[in-house]
Amino acid sequence: MTEQITLSKNEKLRKSVLRNFFTEQGSIKHLPSQLKKRLIVLEHLVNLLDAQKKYTEKEINEFIKPLNEDYATIRRELFIHKFVNRSNDIYEVNEPRDWRDWKTLN
């Protein structure tokens with residue numbers, strides 16, 4: 001029962017954050033300053049990428065640019081919080097278990 005309540009609470013928060021930080025067209029209004037909310041936004045973005053594909057930095061930038069003009073910060077945040085890994089200027093989506101998990105933050 002407690003697990004269901006937590007899931008529901010987390011899902012409500014996730015939906016609220018996505019509604020507040022994304023436009024109806026899917027652009028990011030701005031990155032949240034609160035870490036938990038920022039991780040929710042980043043998780044949403046990385047789920048839009050093909051986890052089986054390897055991306056060049058240019059491809060990652062082209063993915064982010066239509067969503068927000070500050071693509072360099074968003075790309076860096078994806079890397080810092082382990083949503084993606086970069087090796088030899090090639091980006092790959094990490095396994096979800098490696099991502100920084102917003103559900104564990106207060």
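The structure discussed here is a predicted model. Is Trp99 buried or exposed? Its relative accessibility is 11%, so Trp99 counts as buried, since the term applies to residues under 20%.

Which residues surround this side chain? Leaving aside neighbours within four places in sequence, Trp99 is in contact with Glu43, Val46, Asn47, His81, Lys82, Phe83, Val93 and Asn94.

## Overall architecture

The secondary structure of the chain comprises 4 helices and 3 strands. Read from the N terminus, these elements follow the order α-α-β-α-α-β-β.

The chain has 106 residues, for which a compact globule would have a radius of gyration near 13 Å; the value for this chain is 14 Å, which agrees with that expectation. Along the principal axes, the C-alpha atoms fill a box of roughly 45 × 30 × 20 Å. Of the contacts with a separation of 6 or more, 51% are between residues 24 or more positions apart.

## Surface and charge

Buried residues account for 34% of the 106 residues. The chain exposes about 7200 Å², and carbon and sulfur atoms supply 46% of this area.

The chain carries 20 positive and 16 negative charges. How far apart are the mean positions of the positive and negative charges? The separation between them is 6 Å.

Most residues other than glycine have a negative phi.

Lys82 is not a glycine, yet its phi is positive, at about 65°. This lysine is placed in the loop between helix α4 (71-80) and strand β2 (84-87). Lys82 is also one of the residues in contact with Trp99.

Asp89 likewise has a positive phi, of about 60°, without being a glycine. Its place is the loop between β2 and β3. Asp89 counts as exposed because its relative accessibility is 51%, and the term requires a value over 50%.

Asn10 belongs to helix α1, which covers residues 2-21. Its relative accessible area is 15%, and Asn10 is therefore buried. Which residues does Asn10 touch, not counting those up to four places away in sequence? They are Trp102 and Lys103.

Glu77 lies in helix α4. With a relative accessible area of 14%, Glu77 is buried as well. Beyond its neighbours within four places in sequence, Glu77 is in contact with Leu31, Arg38 and Leu42. With Arg38 there is also a polar contact, in which the side chains of Glu77 and Arg38 meet at 3.5 Å.

Conventions:
Residues are numbered from 1 along each chain as its sequence is written. This is a predicted model: local features need pLDDT of at least 70, side-chain atom pairs count only at pLDDT 80 or more; totals for chains, interfaces and linings use all residues. Side-chain values use heavy atoms; hydrogens and water are left out. Helices (H or I, at least four residues) and strands (E, at least two) are DSSP runs, numbered from the N terminus. The radius of gyration is taken over C-alpha atoms; the globule rule is 2.2 Å times the number of residues to the power 0.38. Buried means under 20% relative accessible area, exposed over 50%, partly exposed in between (1.4 Å probe, protein chains only). Contact means heavy atoms within 4.5 Å. Accessible areas come from the Shrake-Rupley method with a 1.4 Å probe; for residues, only the protein chains shown count as cover. Lys and Arg count as positive and Asp and Glu as negative; His and the chain ends are not counted. The place of a charge is taken as NZ of Lys, CZ of Arg, CG of Asp or CD of Glu. A polar contact is a pair of N or O atoms within 3.5 Å; within protein, one must be able to donate a hydrogen and the other to accept it, and residues adjacent in sequence count only if both atoms are side-chain atoms.
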